[in-house]
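Hi,

Here is the structure I promised to pass on.

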Amino acid sequence: MAARTASSGRAATGRSTPSKAGSSKAGSSKSVAIPQLSWHQVRPAPVVLVSGTEVFLAERAIRQLRDFLKLEDPSLEISDIQADSYAPGELLTMASPSLFGEPRLIRVSSVEKCSDTFLIEALAYLENPAEDTYVVLRHGGGVRGKKLLDTIRSGVGGAVEVVCAELKKDSDRHDFASAEFKAAGKRVTPSALRSLVAAFSGDLAELSAACQQLIADSASEVTETTVDRYYGGRVEANAFKVADSAIAGRHGEALVILRHALSSGADPVPVVAAFAMKIRTMAKLYGVRGGSGQLASQFGLAPWQVERAQRDLSGWSDEGLARCMVMLAETDAAVKGAGRDPVFALERLVGVIARRGAV
């Protein structure tokens, strides 16, 4: 079968590339001898190790592989195994040739909690994988099954690894959302992407669903106005609007948005988190010179985040930033139970930031 990517049909490089998986707790100090692919590069192999903690990306990669194999041969036989409740001989039985010789896809979940029996039989299977069979091993992280991972990564069994690391940074989620629109051939403005990522910063599955809804419903370019129309009520989006207005010095506007957000059920904690994210980025870049691309690489940010922070820093002093950082810490404690009036603490923070830390 051709070694094409299941998501797009593009040829995979086949090269072994550095990956976060190689340095994870479930990883190995040994060199990795198999191709390590991103989730959207998944392709058929006798053994496909899907590693990493990002459940949504792992499930999508496995689903794309299934759809690709099903398209190649509709008679594909699909079986599932739970590695933590494994029955002896289960893998060998499912991998055995059927009467009509259909290709087989065996999806193995919970490998990070596998039983000793599964570990022994999986290691034996790697020595002689069945023909026309694709075994997908889903390992969500941790040290359990390390010997199996090390063996797979050494090249035994002809495997590939699909690395599904958690998208922790806004820049990673921004790139993910951008790729969703690009794959669908739908234009989206940078400000719309920023608003969308802000609105769904805590859930990648919800972010993907929002992208798909906008792709399906929007006849033309997706703009910030479009995002606001669909998702303007999201707590996270309102939180960043409060922060943007306050940092720009628009005290009254920031208070109006804050009170509207709180009256709509917003929790003070994510509002403080939005302020903290933006102020900390500004503090990182204060007094630093260089292009957005260079600084983005240096500080682990997206170029648009650098450009936005550089604009926001206009009129700020290092003393003002320092005072705001102290106020942020005090407000964070207040909204988490240390203060009697979290709303008052938030309004006070908005005032201090709108004055750029001036007393």
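This is a predicted model: local features need pLDDT of at least 70, side-chain atom pairs count only at pLDDT 80 or more; totals for chains, interfaces and linings use all residues.

Searching the whole structure turns up four aromatic pairs; here, rings of Phe, Tyr and Trp (its six-membered ring) pair if their centres lie within 6.5 Å, and planes under 30 degrees apart count as stacked, over 60 as edge-to-face and the rest as tilted. One of them is edge-to-face because the rings of Phe 56 and Phe 176 have centres 6.2 Å apart and planes at 80 degrees. This pair links distant parts of the chain, with Phe 56 in helix α1 (residues 55-72) and Phe 176 in helix α5 (residues 170-184), 120 residues apart. Helices (H or I, at least four residues) and strands (E, at least two) are DSSP runs, numbered from the N terminus.

Phe 56 counts as buried at 16% relative accessibility, and Phe 176 is buried at 4%. For the cut-offs, buried means under 20% relative accessible area, exposed over 50%, and partly exposed in between (1.4 Å probe, protein chains only). Another aromatic pair is Tyr 86 with Phe 118, edge-to-face at 5.3 Å centre to centre and 75 degrees between the planes. Tyr 86 sits in the loop between β3 (77-82) and α2 (90-95) and Phe 118 in helix α3, so this pair ties together parts 32 residues apart in sequence. Both Tyr 86 and Phe 118 are buried. There is also a cluster, in which ring pairs link Trp 39, Phe 56 and Phe 176.

Residues are numbered from 1 along each chain as its sequence is written, and side-chain values use heavy atoms, with hydrogens and water left out.

Now the sheet. Six strands make up an open sheet in the order β1-β6-β2-β5-β4-β3, with parallel pairing; two strands pair if DSSP finds at least two bridges between them. The edge strands, β1 (36-38) and β3, each pair on one side only. From one strand to the next, the twist averages 20 degrees.

Strand β2 (residues 47-51) is worth a click. Five of its five residues are buried, so β2 is largely enclosed by the rest of the structure. In a regular strand the side chains alternate between the two faces of the sheet. Here both faces are covered: Val 47, Leu 49 and Ser 51 are buried on one side, Val 48 and Val 50 on the other. β2 pairs in the parallel sense with strand β5 (residues 133-139) over five bridges, and five bridges also join β2 to strand β6 (residues 159-163), again parallel. Val 47 stands opposite Val 135 in β5, and its bridge partner in β6 is Ala 159. The partner of Val 48 in β5 is Val 136.

As for helices on the sheet, α3 touches β2, β4 and β5, and its direction makes about 140 degrees with that of β5. Helix α4 (residues 146-153) lies across β1, β2, β5 and β6, at about 125 degrees to β2. Axes are lines fitted to C-alpha atoms, for helices over the stretch in contact, and angles run from 0 to 180 degrees between N-to-C directions.

Last, Ser 110. You'll find Ser 110 in the loop between β4 (104-109) and α3 (116-127), and it counts as buried at 14% relative accessibility. Leaving aside neighbours within four places in sequence, Ser 110 is in contact with Gln 82, Ala 83, Asp 84 and Arg 138, contact meaning heavy atoms within 4.5 Å.

Cheers
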